[in-house]
Amino acid sequence: MRRPAALALLFLAFAGLPAMAVSAAELRALQLVQGEAGTRAVLELDGTVDYKVFTLANPDRLVLDLSGSRLAGGFRAPSPNGVVTGVRTGKPAEGDLRVVLDLAEGVKPRSRVEREGGKARLVVDLMDGEAVARSAPARTVEDVIGSGERELVIAIDAGHGGKDPGAVGPSGKYEKHITLAMARELARQIDADPGMKAFLVRDGDVFIPLQQRYHKAREAQADLFISIHADAAHNRAAAGASVYVLSLRGASSEAARWLADQENASDLVGGVELDARDKNLAAVLLDLSQNATMRVSDDVAAQVLASLKGVGKAHKQNVERANFVVLRSPDVPSMLVETGFISNPGEEAKLSDPKYRERMASAIVDGVRGYFSLQAPPGTWYAARQGQFGGSRQHIVSRGETLSQIAARHGVPMATIRQANRLKDDTVRIGERLTIPVAAQVASAPE
Ligand SMILES: [Zn+2]
């Protein structure tokens with residue numbers, strides 16, 4: 001609903017193509033090449049098609065379903081190469097084409113469409129564990145539109161700036177500089193995730209009023225807003241990170257203000273002009289939107305806090321509620337992260353260290369990823385992969401086992417396990433039964 005109309009139309013047109021296509025697209029060639037990013041499958045098509053890529057286990061396979069497609073006359077399957085041990089084709093439904101790549105091991109597929117005139121090339125990188133670690137994933141807008149999956153937009157708000165330095169540390173470090181450095185590192189890591197992209201609300205030493213900050217995030221159609229700060233207290237010993245969401249009082253006073261503004265109210269109902277009678281409708285819509293937004297804010301914030309506890313001690317054990325102006329978007333889930341106390345000499349030094357900021361940012365991104373890998377908005381890259389977490393298995397914690405070992409063993413992000421088991425931190429107890437969301441084992445899928 002918050003996407004621009006042009007983009008929405010493009011998605012529709014794209015999704016509608018296969019069913020309406022007069023002549024089916026033909027798969028002319030399939031090549032397997034070995035490269036830096038593992039094995040790459042390149043499919044040459046004579047037109048654009050809607051496609052699905054998924055993996056199956058036991059035995060490991062990668063399946064490509066191409067709607068409204070068929071094999072061109074004279075098509076020849078390539079010989080095995082790299083991780084691919086065999087190539088088969090079939091028809092999952094009349095008019096559709098399925099290509100199955102038998103694999104020597106499980107892979108993480110990453111696909112994109114390249115267009116050239118009327119032709120299309122579907123490129124699928126089959127990355128093994130090593131390749132995943134090596135690759136610096138760079139997805140372009142074109143890639144995302146090509147696969148009909150948008151990236152989640154994460155707005156990052158570096159607190160303070162310009163004439164407002166924020167708090168000042170004992171050795172003279174300014175909060176505004178630390179928050180900007182942290183925000184940029186966060187953006188770098190978010191942009192490296194294939195399903196997310198960052199929007200920096202402030203990318204320079206400039207002053208931006210608080211209301212403008214969340215307005216900018218709404219304009220950027222953010223799925224999540226994260227405001228970055230560094231705490232200060234008279235007590236120099238105060239230490240640790242905290243995570244805040246908007247308090248109910250803050251939300252209801254903001255609701256009153258929103259409804260008082262005609263333009264805001266009509267924005268909520270998709271730009272339709274409201275007359276006086278419709279004010280009730282606007283109130284109901286705003287209420288629904290705010291409830292949903294606050295629920296998501298709570299859940300993501302809990303994930304982020306749990307994740308931050310893995311980096312250092314938390315100042316507060318639970319997500320806090322406060323009436324922060326910057327968190328008042330009625331329809332963008334928002335949180336504020338106090339990354340540590342700049343007033344504490346030890347934490348001032350840590351927050352000024354790029355290596356430490358990298359770890360903090362990585363913990364924040366891990367929490368965000370953990371949330372969205374289970375509950376992503378429809379139409380997003382993450383939503384398209386939610387099926388991968390469709391199944392689950394049980395794991396009973398044995399002596400000496402840590403959450404990170406368990407996560408590594410099952411090949412699942414720590415945050416995903418935390419979220420599935422509502423863990424408040426990374427502590428697990430011997431004998432504890434954990435639910436491990438795993439890739440769906442669709443052994444019975446038709447081929
Ligand atoms: Zn601050």
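Which residues are the protein donors of the zinc ion?

## Zinc site

In this predicted model, local features need pLDDT of at least 70 and side-chain atom pairs count only at pLDDT 80 or more, while totals for chains, interfaces and linings use all residues. Residues are numbered from 1 along each chain as its sequence is written, and side-chain values use heavy atoms, with hydrogens and water left out.

The zinc ion has His160 (NE2), Glu175 (OE) and His229 (ND1) as its protein donors, lying 2.1 Å from it. Donors are N, O and S atoms within 2.8 Å of the metal (3.2 Å for Na, K and Ca); water is not among the atoms, so sites may look incomplete. Along the chain, the spacing of these donors is H-x14-E-x53-H. Glu175 belongs to helix H4 (residues 175–191) and His229 to strand S12 (residues 224–231), so the pair ties together parts that are 54 residues apart in sequence. Helices (H or I, at least four residues) and strands (E, at least two) are DSSP runs, numbered from the N terminus. Glu175 and His229 are both buried; buried means under 20% relative accessible area, exposed over 50%, and partly exposed in between (1.4 Å probe, protein chains only).

## Six-stranded sheet

Strand S12 is also part of an open sheet of six strands, in the order S11-S10-S12-S15-S13-S14 and with mixed pairing. Two strands pair if DSSP finds at least two bridges between them. At the edges stand strand S11 (196–200) and strand S14 (320–322), each with a single partner strand, so one side of each is left without a neighbour in the sheet. From one strand to the next, the twist averages 30°.

S12 and strand S15 (residues 334–341) run parallel and are joined by six bridges. Within S15, Phe341 is the bridge partner of Asp231. Helix H10 (residues 354–372) lies across strand S10 (152–158), S11, S12 and S15, and runs at about 150° to S12. For such angles, axes are lines fitted to C-alpha atoms, for helices over the stretch in contact, and angles run from 0 to 180 degrees between N-to-C directions.

## Salt bridges

Side chains of opposite charge can pair when their charged atoms come close. A salt bridge is a side-chain nitrogen of Lys or Arg within 4 Å of a carboxyl oxygen of Asp or Glu, and the count by this rule comes to 18. One of them joins Arg70 and Glu26 (3.1 Å, N to O). Arg70 lies in strand S5 (residues 69–71) and Glu26 in strand S1 (residues 25–35), so this pair ties together parts that are 44 residues apart in sequence. Arg70 is partly exposed, at 44% relative accessible area, whereas Glu26 is buried at 16%. Both residues belong to a network of salt bridges that links Glu26, Arg28, Asp46 and Arg70.

Another salt bridge, between Glu185 and Arg188, has an N to O distance of 2.9 Å. These two residues lie in helix H4, three residues apart, about one turn of the helix. A further salt bridge is formed by Arg418 and Asp426, with their closest N and O atoms 2.7 Å apart. Arg418 is buried, at 1% relative accessibility, and Asp426 is partly exposed, at 23%.

## Surroundings of Thr293

Thr293 is located in helix H8 (residues 279–308) and is buried, with 9% relative accessibility. A polar atom of the Thr293 side chain lies 2.9 Å from the backbone oxygen of Pro330. Apart from its neighbours within four places in sequence, Thr293 is in contact (heavy atoms within 4.5 Å) with Ser329, Pro330, Asp331, Val332 and Pro333.

Methods
Polar contact = N/O pair within 3.5 Å; in protein donor to acceptor, adjacent residues only side chain to side chain.
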